[in-house]
Amino acid sequence: MNSHSRSTSFASIHSLPSRRASGLAFAANSAERGETQTGAGLAAEQQIEEEIAEIKRYEDFSTIDWVQDAAREQLRRKARRKRNIGLFDSGQLDWRHRIRESYDAAQGWIVVTIIGAAIGLNAAFLNIITEWLSDIKLGYCSTAFYLNENFCCWGEDNGCEDWHHWTGFGILNYFLYISFATVFAFTSATLVKSYAPYAAGSGISEIKCIIAGFVMKGFLGFQTLVIKSFAMPLSISSGLSVGKEGPSVHYAVCTGNVISRLFEKYRRNASKTREVLTACAAAGVAVAFGSPIGGVLFSLEEMSTHFPLKTMWRSYFCALVATAVLAAMNPFRTGQLVMFQVKYDRSWHFFEVVFYIIIGVFGGLYGAFVIKWNLRVQAFRKKYLVNYAILEATVLAFATAIVCYPNAFLRIDMTESMEILFLECEGTEDYQGLCEADHRWKNIFLLLLATVVRTFFVIISYGCKVPAGIFVPSMAIGASFGRTVGIVVQALHDHYPSSVFFSSCAPDVPCITPGTYAFLGAAAALSGIMHITVSVVVIMFELTGALTYILPTMIVVGVTKAVSDLFSKGGIADRMIWFSGFPFLDNKEDHNFGVPVSQCMNTSLVSIPTRGMTLDVIEQLLAKDNYQGFPIVEDDTSKILVGYIGRTELRYAIDRVKRERAVNPNAKCTFAPPAVGLSATTPVTPTAAFNPDIMSSTSVDFSRYVDTTPVTAHPRLPLETVMELFRKIGPRVVLIEYHGQLTGLVTVKDCLKYQFKVEAAENPRDDHRLQEGQERLWDALKGAAGWVSGKVSHMSGGRIRLGDSFDEIRSPQRAGGGGHILEGTEDMDDDEAVELENR
């Protein structure tokens with residue numbers, strides 16, 4: 001591969017005219033070879049494939065070639081079938097072997113069951129801890145310190161004598177509230193920065209890329225799982241405008257990755273691991289919302305680009321097990337899986353559709369507004385605040401606590417506020433006079449203020465270096481706005497009960513249920529920020545169990561989707577993928593470039609001839625990190641394409657030969673595949689083990705490692721078709737050939753670069769003013785920090801000096817936003833590899 005396309009080569013589908021082979025690249029070769037190979041030859045080939053796969057497991061920021069992964073799985077099955085035939089012929093196929101075969105067949109369901117149970121247990125404990133930490137900011141239980149307010153005052157609606165505020169003075173309680181929030185955020189950010197930088201953020205964007213085949217070492221590791229589980233309750237309880245639903249998906253997928261790695265079938269096969277990770281994402285949403293079916297649909301709609309029927313069944317079963325375990329644990333002792341579950345026993349009226357449309361428009365506008373400004377905040381954070389991750393999270397929590405405490409709807413935990421806003425007024429507790437007509441306009445003001453303030457803090461908080469999701473904050477914002485609309489409609493009905501507009505209302509029966517407006521507002525905001533539709537409707541249905549409100553939810557979500565599409569492309573998870581520069585082709589986008597693939601292919605190629613190149617020259621090529629694979633051509637003059645060999649395969653082949661014997665550095669290397677005239681069933685055995693030429697110190701045969709049927713395309717093939725090949729087949733590189741002659745290659749990175757170039761040309765913008773604004777904001781922050789540090793130094797007599805950390809301001813980095821695309825083949829050391837830490 002050339003120096004300009006370092007991305008893990010992504011291969012494609014098109015037959016070479018000079019060869020009879022076509023189809024799914026290496027998979028076809030393996031299928032043809034396996035039928036006639038002997039058991040020893042097949043075992044040797046399987047061993048080589050597994051050794052190469054083991055090496056690739058540890059290649060960070062690389063991309064899985066799904067074509068080759070399918071070939072390895074085909075080879076594994078073929079070897080097992082050959083072994084079974086041999087055992088049957090020799091009469092050794094006893095009951096022990098049948099048990100082993102049954103275990104292998106059932107292993108997928110066993111793994112999914114264990115993972116689902118682990119996710120459910122973890123979710124239950126995290127729910128209990130989060131609720132206790134959230135309440136401990138406000139007071140304590142005198143009978144048992146470890147109980148939160150709900151458990152302490154079991155059966156009471158508005159507190160009890162056993163629950164005490166920390167002091168009898170409001171100003172001291174305010175100070176303690178701020179102190180607890182600041183300490184929780186500081187501890188969470190410190191844990192993340194010190195032990196697991198990948199535990200920061202939501203994780204949904206990265207998991208989408210991982211499921212699509214992008215490898216990020218450590219992102220789904222055990223250490224990330226532990227730190228995410230410890231730091232998430234702290235960050236939620238700190239009062240930051242972040243949620244736990246996104247991180248729930250992350251720790252669920254981490255759980256699945258850690259457990260599945262204990263089983264060899266999943267450790268060696270990426271496609272089966274992808275199947276498990278997709279199921280875990282569904283289980284994460286299921287335990288977060290108490291919605292198993294919604295979790296499966298979320299995984300289908302948002303997470304996975306490859307969702308066959310078997311994956312759907314695994315996802316369903318994993319979500320079912322996780323939800324069942326969570327229900328058995330019953331963390332809230334109410335039978336509810338989440339705090340804001342609610343039941344509605346009244347229906348809706350057709351005239352309310354007008355107000356439902358207003359809520360839907362709000363959801364779309366909210367999503368577009370937050371996505372736009374949050375990306376600008378992310379760019380500012382990436383440029384200026386990378387070195388101050390802990391300080392940033394701590395200051396955000398401090399500021400959030402100061403601003404939110406005076407507002408009754410912002411002071412409490414967001415899930416608790418949604419529980420209050422969703423409820424009907426009849427027969428339930430009346431928080432802050434929410435259901436009283438005398439307090440109606442006061443509550444409208446407080447709810448609108450909560451909507452604006454929470455939106456501001458979501459914009460600046462999402463993306464800070466603590467476990468932080470955006471589902472629940474968005475739902476809380478939507479709920480506060482929706483409840484406001486519901487109260488206004490209720491006031492209109494009370495003032496004009498005989499109006500024709502309200503003629504469908506029955507007399508002497510409550511006509512308007514403001515809680516349902518809050519419920520629909522939460523659905524609208526969630527749909528607007530994530531750009532998901534069907535899964536939102538099902539999640540909200542499972543939260544309420546009210547069939548009558550499916551149609552209003554569909555109306556609201558449909559309006560939200562229409563408005564969202566007018567302003568932005570993709571939800572915040574998709575935009576974060578674009579911002580971070582991951583090589584991910586979104587299957588939800590339709591492109592119409594109208595150009596052939598030759599417009600974006602790379603023509604500066606480094607190819608290897610089938611004969612004549614010395615071992616020393618090849619090792620010099622491998623010493624350069626620019627090349628992650630090499631096209632094989634007949635000779636440098638004709639450029640007739642013969643095949644393709646990956647960097648990892650070539651490195652492994654050379655190391656293997658050197659282990660077996662001494663090789664002259666000037667030895668001639670051969671990459672020639674079998675002659676075209678051979679039968680399609682002619683076995684191609686591993687030359688490293690069987691070719692007599694390999695024993696010569698003056699020649700080395702690497703033909704066995706060449707992929708003789710790489711995915712290729714004609715230069716005039718539309719670019720949109722090539723992008724579809726990458727999405728559907730998942731190769732690393734597509735080689736471009738014309739009449740058998742190599743003319744170029746294209747990777748996902750090349751497609752994305754062309755896409756960004758076209759979008760920039762269609763929507764030109766001047767970022768000069770934006771950069772100037774960022775500079776002014778940074779200068780203001782430095783000035784404020786200097787003033788605070790000066791005051792602290794003065795009051796402490798010089799013993800405490802905060803200003804030292806601001807003396808050296810690092811040079812501004814590139815502001816993020818699609819300028820740099822990770823290619824999927826970066827070979828980085830540990831310091832450089834943490835790209836996500838520097839987002």
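## Nonpolar surface patch

Trp-109, Ile-293, Leu-309, Met-312, Trp-313, Tyr-316 and Leu-320 make a nonpolar surface patch of about 660 Å². Patch residues have over 30% relative accessible area and no salt bridge, and nonpolar side chains (Val, Leu, Ile, Met, Phe, Trp, Tyr) are joined within 5 Å, like charges within 9 Å. Areas come from the Shrake-Rupley method with a 1.4 Å probe, and for residues only the protein chains shown count as cover. A salt bridge puts a side-chain nitrogen of Lys or Arg within 4 Å of a carboxyl oxygen of Asp or Glu.

Helix α13 (residues 309-329) gives the largest share of the patch, five residues. Helices (H or I, at least four residues) and strands (E, at least two) are DSSP runs, numbered from the N terminus. Tyr-316 lies in α13. Tyr-316 counts as partly exposed because its relative accessibility is 35%; the class lies between buried (under 20%) and exposed (over 50%), with a 1.4 Å probe and protein chains only.

## Model and conventions

This is a predicted model: local features need pLDDT of at least 70, side-chain atom pairs count only at pLDDT 80 or more, and totals for chains, interfaces and linings use all residues. Residues are numbered from 1 along each chain as its sequence is written, and side-chain values use heavy atoms, with hydrogens and water left out.

## Helix α27 and its cover

Helix α27 (residues 719-728) is mostly covered, with seven of its 10 residues buried. Leu-719, Glu-720, Val-722, Met-723, Leu-725, Phe-726 and Arg-727 are the buried ones. Their cover includes β9 (734-738), β10 (741-746) and α28 (748-762). Gly-730 follows α27 and has a positive phi, near 80°.

β9 and β10 pair antiparallel over five bridges; pairing requires at least two DSSP bridges between two strands. The two strands form a hairpin with two residues between them. His-739, in the turn, has a positive phi of about 55°. Tyr-738 stands opposite Gln-741 in β10.

## Three-stranded sheet

An open sheet has the order β3-β4-β5 and mixed pairing. β3 (608-609) and β5 (641-646) are the edge strands, each pairing on one side only. β3 and β4 (residues 629-633) run parallel, joined by two bridges. Ile-608 has Ile-632 in β4 as its bridge partner.

## Confidence

Mean pLDDT (the predictor's confidence in each residue, from 0 to 100) is 80 for the protein, and 81% of residues reach 70 or more. Residues 804-820 stay under 50, with 32 contacts beyond four places in sequence. A contact means heavy atoms within 4.5 Å. Where pLDDT is low, predicted coordinates should not be read in detail.
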